[in-house]
Structures are given as C-alpha cells and as structure tokens.
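I opened this entry to look up the charged side-chain pairs and their surroundings.

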Amino acid sequence: MLTPSFNIIQDEQFVIVNIRVPYVKISEAEFHINGCEFKFFCKPYFLRLHLPGQVTEDGREKAVFDIEKGSVTVHLPKLQSGEHFDNLGMLTTLLSKKPAKATQSQKPLIEVIGANVRDSCSSESEDDIDWQAEQILSEDHPLNHTPSLMPNAIAYGFANQHSGVFLKLQEEIPSIIDCPDPDHMTSYERRLARIAQEEISFSPDHYLADLMDNDVMDSLLKFEPAWKNELTRWKEMKDQVSQNTSASVKPSKPTEAGQEIVPFSQSEREKLKDLPNKDYLLDKASSRCLYLGLIDIIFAFAYNHRTTEGEGNVESAWTVCKLSPTLSWLEVHRGSVHDVVCNCLRRSLCYPLYRHWQLTLTVLQDTRDIFRLGRRKLLQSLLSVHHALNSSEPYYVLNNLYITDYCVWVQTASVRQIQSLADDLDEHPGEQTQNIQTDIQTD
C-alpha cells in the first residue's frame, strides 16, 4: 500500500486532512475515526494518523473529493470544540504506529519501531538544561580518553551512535569532512585538531578585502530572509492572544510558531512523509549535546541562506558542512552555548567566500530568530540542509550520520528547551562577540 501525500490543518471545530489521491476510484474510498486515530483507505493508498487529541463521529464528519486536483478533504470533528491540537505539522510523528513492546538495548539511543509519538515526548526529561559548561572533569578531558580505560570511546554521528563508517571511505574523506582520520580519533583529539586548523586558516588579507568590499556586503546585509517576516507575524499573534485574554475565554497559550506562520511546501511535506519513524531514548547529557549541535548546523544553514539570498547554489553543501563543526569535524559539544557560538563565528571568518564581521553577527541574529520561531522553522531549515547534502554526492553520508536523525528528533524535541536555548543565545551578545573578535585579531 502507498502512503499518500497529505496536509493537515485545524480550526475551532475540525481537524481538516487534505489527502492527494489522483487516479483512484473514489467510490471505493472509506475512512474511520477512533479516538485519536484516523484511517483512510482508497486502493492503492492507505493513510493512518495518530492525532495529538481526540476526534469523534457525530454526524458532522464529511469527505469532499476535488476531481480536478485529485484530492480528498476530510473534516474530522474535534471531541472538545475549541481544543488546540499541537504538532499537527510534524507529519512524520503523525504517521507513527501503535505502541509496541520496548526493545532492550545497551545503547543510549534506541529506535523503537511502532512507538506512539504522544508518549515519545515524555522520554526526554523536561527538567531545564544548564547551557553553561559544568565545572567538572568532562568526558573530553584526555584522562577520560585513555585507550586502555575507554577502548570504545571513538564514536560520532547523531547521539554518538556511529563508528567505523569512514573506514570504507578513505579516499572520500577529504571531500566530505575536515577530520583526517575520524575512526582513530577521540572527540577530544578531533577538537584539538579542529582548533589548530582554524588558527592557521584565518587569512588577514581575505578578511581585509571583504571588509573593503562594501557593495557586495551591503547587499548581503540588507537581504531579508523569510523568517524575519515570520517572526514579526509570530510576535503580533502572541500580542493579540494576550490582549484577547478574558476571564470567560482562556485561549491556548502559543509556545511556538504554527502552520499559519511557518507553512510547509508540498516538497517538504513529501520529505516528512518519507522520513523514518524513530523514538530516541536519550539521557540528559546526550540531549544537551544534540541541542548544542543543532546551533552550529542552523548557523551554517543561515549563513548559506543569506549569502545566496535564499537561492542556494552548487556550493551550498560545501558551505554548510565547512561552517558547522558538527558536520566538518564530527564535533561533540559538551561546553556552553558561548563555546558553540565562538566556534561558529571563528569558522565563518576562516573558510567561506564572504568573511566579514558584521555579516557574521547578522547570521548569528538569523540563528536566534530561527530558534525563536520553534520546531517548525528548525525542521524546515534542517530539511533544506538535507536537500543540499543529498544534491551533492560526497555529502549524503552526513545526512545518514546526522541530518536525517535531526529531522526526526526535532519534531518531538522539547519546546521548553528550544526556547531556553533561544533565550541563552540572546544573553550577553556583546560579550560573546567581543571575545571572539579579540581571538581572531590575535590569530
């Protein structure tokens, strides 16, 4: 059976599912509603959705077929009128199956086939994560990476679940990542090598040339990416909800931008439909590393988006991977948000075509804006990175190691933690930029 393309929206009374089923015999179509579950069948298509709230059959349900568009629009009445269903745009999670018995594993990351997405959010602790570096001996300390003590310390990829991947790709390594020998270097050794490489890669001549090229830089700095308008509309919507609050009517408190602010395109919905469904069981330390890694990936995306004025080009995959320590050096972030930001700023002044301090700060603000919009915008950005890497043959490996899992994971990531990260990115921007600027001038 084929899973059809679909889109889903809601109003006060209904959840509305638009399903594309061209060239079918519509008289054979049928749908079923059972609590949080919705099923649609019309040979050769089958769609099953697990909704975040309950819908009901009360006579108001209906399906309308548009023969010109080849689509069916199904109206599902909400059991509680006025209830807001969260995460309707996270299509991958809606396609999850019913709960199954958990599979035991010694790894911190488990792929649970058939997990119920509504329970997966609770797998990650909602306790606040401290984004500042802990004042203890970290796992990256050389004493913690003595081979005799930790023979299996060499790992990389999403939640450190991979190793040995590059052993069969020795000739391709220089075309994919900067790390020369990832399967024989610990995360601590990779970090030292990355910093050493950055220190010799900064070119004062290139930096000064870009500093004087005002025409090009002015154009890049004036470019308005889509998220600027989206963030403005999002703030206006939050203000409107606050003003409309009354004693008799308590509207749902918005926590992140929804579909009306950040809509997915048809191609993006197709990608979401095809993503694997996984449930990630992560401890707090692993979750913290993933959130920090997300910062440098989004920063690299934002830089490429701004410098290509939203169009992308044949060098986009190279640019994103080069600027992201996670993708270029398989970095495992265990420091603070400040450390991650400094890493991003340093690489943006060492490697890409445009190396300009004000441009770097503008991209950092873009990164903050994307995090402010929440999971939908983060997911949309990751899907763009996924497309860029898939379009450039050597880099598809990094999709398998990182981006595909990030696209799945971010759909059920904690809204609270993402907003906490956005808050931390907003704190002391002057201090952060002053420190990194001093480092670069010294180099």
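This is a predicted model: local features need pLDDT of at least 70, side-chain atom pairs count only at pLDDT 80 or more; totals for chains, interfaces and linings use all residues.

I then looked up the partner of D423. The side chain of D423 meets that of R372 in a salt bridge, with 2.5 Å from N to O. I placed D423 in helix α16 (residues 415-426) and R372 in helix α13 (residues 357-373); the pair therefore ties together parts that lie 51 residues apart in sequence. For R372 I noted 24% relative accessibility, which counts as partly exposed.

Next I turned to E198. I found E198 in a salt bridge with R347, where the closest N and O atoms are 2.9 Å apart. This pair links distant parts of the chain: E198 sits in helix α4 (residues 187-201) and R347 in helix α12 (residues 337-348), 149 residues apart. I recorded E198 as buried because its relative accessibility is 0%. R347 is likewise buried, with a relative accessible area of 0%.

I followed the shared partners further. Salt bridges join D178, R191, R194, E198, K322, E331, R346 and R347 into one network.

I also checked K25 and E28. Their side chains meet in a salt bridge at 4.0 Å, N to O. K25 is exposed, at a relative accessible area of 53%, whereas E28 is partly exposed, at 40% relative accessibility.

Notes
Residues are numbered from 1 along each chain as its sequence is written. Side-chain values use heavy atoms; hydrogens and water are left out. Buried means under 20% relative accessible area, exposed over 50%, partly exposed in between (1.4 Å probe, protein chains only). Helices (H or I, at least four residues) and strands (E, at least two) are DSSP runs, numbered from the N terminus.
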